[in-house]
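Me: I am new to reading protein models. Could you take me through one, feature by feature?

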There are 2 protein chains.
Amino acid sequence: MSTSAAPWTDVPSTIGDVCCPGTDCELLAKDRAEDLALVFKALADPTRVRLLQYLAEAESGTACACHLPAALEISQPTLSFHMRKLHDAGLVDRDKRGRWVHYTVRPESLQRVRGFLDLQVDTATSRCC
Amino acid sequence: MSTSAAPWTDVPSTIGDVCCPGTDCELLAKDRAEDLALVFKALADPTRVRLLQYLAEAESGTACACHLPAALEISQPTLSFHMRKLHDAGLVDRDKRGRWVHYTVRPESLQRVRGFLDLQVDTATSRCC
């Protein structure tokens, strides 16, 4: 049995082997991280990724539930399941018009997660430590 | 027992009750949707959201594993678990320097998901149907 560390190990082999000074970066607030993770979780499925893109490209970001299953080759119950996940994460609004439900993308929700992903990497201004 | 439909139901009560003409939007390619969903899945956890933000704000987008557990109040094994998820999704690189592993955010991966979230909603130019 080998005792060599796996390439991704984070455990030092000797105590006190500190590589660099400590940092003092400000962490993202826990509740904000939890909100973002909920939205990312709603998008952690290829069908929901495609549904969101389909809605966004439709006129006014709105599509009727009657068109969605055919486009994605899914059943109505499967559609309901996925749309509920997107709705619960705040990514879409739903609106009953007569006998059908229409779904509309909420651009402000997209903006919120996009804002997080605008993390600036490797620039002098973004350095906190 | 009520027979009224739930507000999110997508099932029409009568056949042929079509609300609007069919659409002809182009769907996102399935393999691209799967790739994006994998990245979103890696971010579907508040600790990983905070780790990514912490790394991005560190100098050169890099931080040593020795600082991360203290900042997030997690153990080294928990850190390894989360960093492996971020690494497997292509969001960070890892680099062993002496006895410690350094992690670096990959800006091109952030750009890829940000590009998807740049979905244009409710503009004349984005209408495909």
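Me: Which residue is the bridge partner of Cys64(B) in strand 3 of chain B?

Reply: Keep in mind that this model is predicted. Strands of a sheet pair through backbone hydrogen bonds, either parallel or antiparallel. Here, Cys64(B) has His102(B) as its bridge partner in strand 3 of chain B. Strand 1 and strand 3 of chain B run antiparallel and are joined by three bridges.

Me: How many bridges pair strand 2 of chain B with strand 3 of chain B?

Reply: Six bridges. Strand 2 covers residues 92-97 of chain B, strand 3 covers residues 100-105, and the pairing is antiparallel. Look at the hairpin next. Two residues lie between its strands, and Gly98(B) takes a positive phi near 65° there.

Me: What is the order of the strands in the open sheet of chain B?

Reply: The order is 1-3-2, with three strands and antiparallel pairing. Strand 1 (62-64) and strand 2 of chain B stand at the edges. Each has a single partner strand, so one side of each has no neighbour in the sheet. On average, neighbouring strands of this sheet are turned by 25° against each other, direction ignored.

Me: Which helix packs on that sheet?

Reply: Helix 4 (residues 76-88) of chain B does, touching strand 2 and strand 3 of chain B. The direction of helix 4 makes about 130° with that of strand 2 of chain B.

Me: Is Cys64(A) buried or exposed?

Reply: Compare its relative accessible area with a cut-off: buried means under 20%. Cys64(A) has 2%, so Cys64(A) is buried. Cys64(B) is buried too, because its value is 1%.

Me: Where is Gly61(A) found?

Reply: In the loop between helix 2 (46-57) and strand 1 (62-64) of chain A. Gly61(A) has 0% relative accessibility, so it counts as buried. Its C-alpha atom is separated by 5.3 Å from that of Thr104(A), 43 residues apart along the chain.

Me: How many of the 12 residues of helix 2 of chain A are buried?

Reply: Nine, so helix 2 is largely enclosed by the rest of the structure. Among them are Val49(A), Leu52(A) and Tyr54(A). At 1.5 Å a residue, helix 2 of chain A should span 16 Å; its end C-alpha atoms are 17 Å apart, which agrees. At the start of this helix, a side-chain oxygen of Asp45(A) reaches to within 2.8 Å of the backbone nitrogen of Thr47(A).

How values were computed:
Residues numbered from 1 in each chain as written. Chains lettered and ligands numbered in written order. Predicted model: local features only at pLDDT ≥ 70, side-chain atom pairs only at ≥ 80, totals over all residues. Heavy atoms only, no water. Buried < 20%, exposed > 50% of the residue type's maximum accessible area, 1.4 Å probe, protein only. Helix = DSSP H or I, 4+ residues; strand = E, 2+ residues; numbered from the N terminus. Pairing = 2+ DSSP bridges. Axes fitted to C-alpha atoms, helices over the stretch in contact; angles between N-to-C directions. Contact = heavy atoms within 4.5 Å. Expected span 1.5 Å × (residues − 1). Polar contact = N/O pair within 3.5 Å; in protein donor to acceptor, adjacent residues only side chain to side chain.
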